[in-house]
Amino acid sequence: MSNVTALKYQTLFDVATQETGSIESVFAIALANGLSITGTLEAGRVILIPEKLVVDAKVVDYLFARQIKPASDSDNHSFEPLNWGTAWIISPAAPASNLPVVMKGQTLFDIAVQETGSAENALAIAIANGLSLSGAVEVERAIKIPSSIIKEAKVVDYLALKGIKPASDADETNTEITLPEGIGSWAIEIDFKIS
């Protein structure tokens, strides 16, 4: 295992992107360090990176060559000069009528799936809007979707056609789930036994 020191404003997703080239590795890094993927990361904390975890070496090389350190967790979006390179932060986009608007219960992951077809794009969306990947997103906030994101058109089209707007942080206290009934939904040896 190698290790890296977390910097000011970095989340575990930022560290995963910086060290492995993809947010996909955040789960393995969280597990190796006994951390929650959405928890606060203290500046100066040493993060262990499991061996052979690099997902996209081109991204790692690009960030390293330009001394870019992803740092998406700030409330005020104003950064003092840092001695370790450039913070990878873009100011929040001004609301516009053609931008998607956050609904109650939506997270950046929900917006990423809804607008791009993949939760993997949540980090790019967070950066483009100056938001923390794991923080709450203000309801009715317009969200800028970076034009560089490659969309999974089939997923986006399916959700739009069905009128589905993912909202994984919704209050589930009043949600009633109706299970299918009848012989077409029964399972052999569970709902009925063959003798």
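Modeller: Let's start with Val4, which counts as buried because its relative accessibility is 13%, under the 20% cut-off. Keep in mind that this is a predicted model. Val4 sits in strand β1, which covers residues 2-5. What does Val4 touch, once residues up to four places away in sequence are set aside? The list is Val15, Gln18, Glu19, Arg45, Val46, Ile47 and Ile49. Take Arg45 from that list: Val4 and Arg45 are 41 residues apart in sequence, yet their C-alpha atoms are 8.3 Å apart in space.

Now look at Val15, another residue that Val4 touches. Helix α1 spans residues 12-20, and its axis comes within 9 Å of the axis of helix α2, residues 26-33, with the two crossing at roughly 110 degrees. That angle falls between 65 and 115 degrees, so α1 is roughly perpendicular to α2. The crossing of these two helices is right-handed. On the α1 side, Leu12, Phe13, Ala16 and Thr20 make the contact, and they meet Val26, Ile29 and Ala30 of α2. Sort the residues of this contact by type and you get six nonpolar, one polar and no charged.

Just after α3 comes Gln67, with a positive phi of about 55 degrees.

Note on methods
Residues are numbered from 1 along each chain as its sequence is written. This is a predicted model: local features need pLDDT of at least 70, side-chain atom pairs count only at pLDDT 80 or more; totals for chains, interfaces and linings use all residues. Side-chain values use heavy atoms; hydrogens and water are left out. Axes are lines fitted to C-alpha atoms, for helices over the stretch in contact, and angles run from 0 to 180 degrees between N-to-C directions. Helices (H or I, at least four residues) and strands (E, at least two) are DSSP runs, numbered from the N terminus. Angles under 35 degrees count as roughly parallel, over 145 as roughly antiparallel, 65 to 115 as roughly perpendicular and the rest as oblique. A crossing is left-handed if the near helix is turned anticlockwise from the far one by less than a right angle, and right-handed if clockwise. Contact means heavy atoms within 4.5 Å. Ala, Val, Leu, Ile, Met, Phe, Trp, Tyr, Cys and Pro count as nonpolar, Asp, Glu, Lys and Arg as charged, and the others, Gly among them, as polar. Buried means under 20% relative accessible area, exposed over 50%, partly exposed in between (1.4 Å probe, protein chains only).
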